[in-house]
Amino acid sequence: MDVGAVLIAITGVAGTLGGALLTQRGADRTKKRELEMAHAIQEARENREVRRSCYTQLHRDARQFATALSRHLYVMRDHTLGQEDVSALEGTKDAYRDRWSEALMIAPDAVIVPADELNEALTGVYGQIKRLERESPRPGETLRSAAEAQHALWSLISVMREAMRRDLGVTVDAGEGATRRTPLVSSSNPTALTRDFTESSDGLN
């Protein structure tokens, strides 16, 4: 038997098997990368949908809380508060608080920063109103000052909304969105609110 021929045959078979094995391994690695990429894309899509849902509800609840604060100020101006008035405000505050707690665990810093500014403003107005309810306001706190602070909430809501839209990829021009502070249209006109309390200033200053 020709030993050389045998060695050549063995080498050929080994080369063929080795090539097939390398090809299979390459295919496996490619498939693995494709699966990982598909998983990453799906995960990013699901994460974006979770944020979208949270942002939508936070934006809605912040607007409702701000509107409830406006309504409460009018009630305090016009007549004695009833338990239903207090409960209505507390309900919107609690709904907003729960959504804000959720956003803190989901949203990136670019959204949390303006949202936190709004949160502080909302709780600040709420605090003023509750102190006025108890007839223990801090120096300078009146229904008028609370109305002015409530007025300022709408531009902060707008800034938060733009940050959310940028995070979701809805707003293209981030620079313009970051600097724009256009007040939202609310169910109660914030400018009219301030004017109402300015014109009805007797006993409020």
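Leaving aside neighbours within four places in sequence, Arg-131 is in contact with Gly-124, Ser-136, Pro-137, Arg-138 and Glu-141. The model is a predicted one, and Arg-131 lies in its helix H3. Is this arginine buried or exposed? Arg-131 counts as buried because its relative accessibility is 14%, whereas the cut-off for a buried residue is under 20%.

Helix H3 itself comprises 25 residues. From its first C-alpha to its last it reaches 35 Å, close to the 36 Å expected at 1.5 Å a residue. Just after H3, Glu-135 adopts a positive phi of about 60 degrees.

The protein as a whole contains six helices and zero strands; read from the N terminus, its elements run α-α-α-α-α-α. Of its 205 residues, 36% count as buried. The protein exposes about 12,200 Å², of which carbon and sulfur atoms supply 56%. Among contacts between residues at least 6 apart in sequence, 77% join residues at least 24 apart.

For Leu-118, the contacts beyond four places in sequence are with Ala-62, Leu-153, Leu-156, Ile-157 and Met-160.

H2 has 22 residues and spans 31 Å between its first and last C-alpha, close to the 32 Å expected at 1.5 Å a residue. Its buried residues are Asp-85, Leu-89, Thr-92, Lys-93, Tyr-96, Arg-99, Trp-100 and Ala-103. Viewed down the axis of H2, these buried residues fall within an arc of 130 degrees, so they line one face of the helix. The face of H2 turned away from the buried side carries the exposed residues Gln-83 and Glu-84.

Towards the other end of the numbering, Asp-196 is located in helix H6 (residues 190–199). Which residues does Asp-196 touch, apart from those up to four places away in sequence? Its partners are Tyr-74 and Arg-77. Asp-196 and Tyr-74 are 122 residues apart in sequence, yet their C-alpha atoms are 9.1 Å apart in space.

The confidence of the prediction remains to be described. The pLDDT of the protein averages 81, and 66% of the residues score at least 70. Confidence is highest in H3, at a mean of 97, and lowest in helix H5 (residues 174–179), at a mean of 47. Over residues 176–187 the pLDDT is below 50, and this stretch has 23 contacts in the model beyond near neighbours in sequence. Residues 201–205 also have a pLDDT under 50, and for them the model has five contacts beyond four places in sequence.

Conventions: Residues numbered from 1 in each chain as written. Predicted model: local features only at pLDDT ≥ 70, side-chain atom pairs only at ≥ 80, totals over all residues. Heavy atoms only, no water. Contact = heavy atoms within 4.5 Å. Helix = DSSP H or I, 4+ residues; strand = E, 2+ residues; numbered from the N terminus. Buried < 20%, exposed > 50% of the residue type's maximum accessible area, 1.4 Å probe, protein only. Areas by Shrake-Rupley, 256 points an atom, 1.4 Å probe, with all protein chains shown as cover. pLDDT = per-residue confidence, 0-100. Expected span 1.5 Å × (residues − 1). Arc of directions from axis to C-beta.
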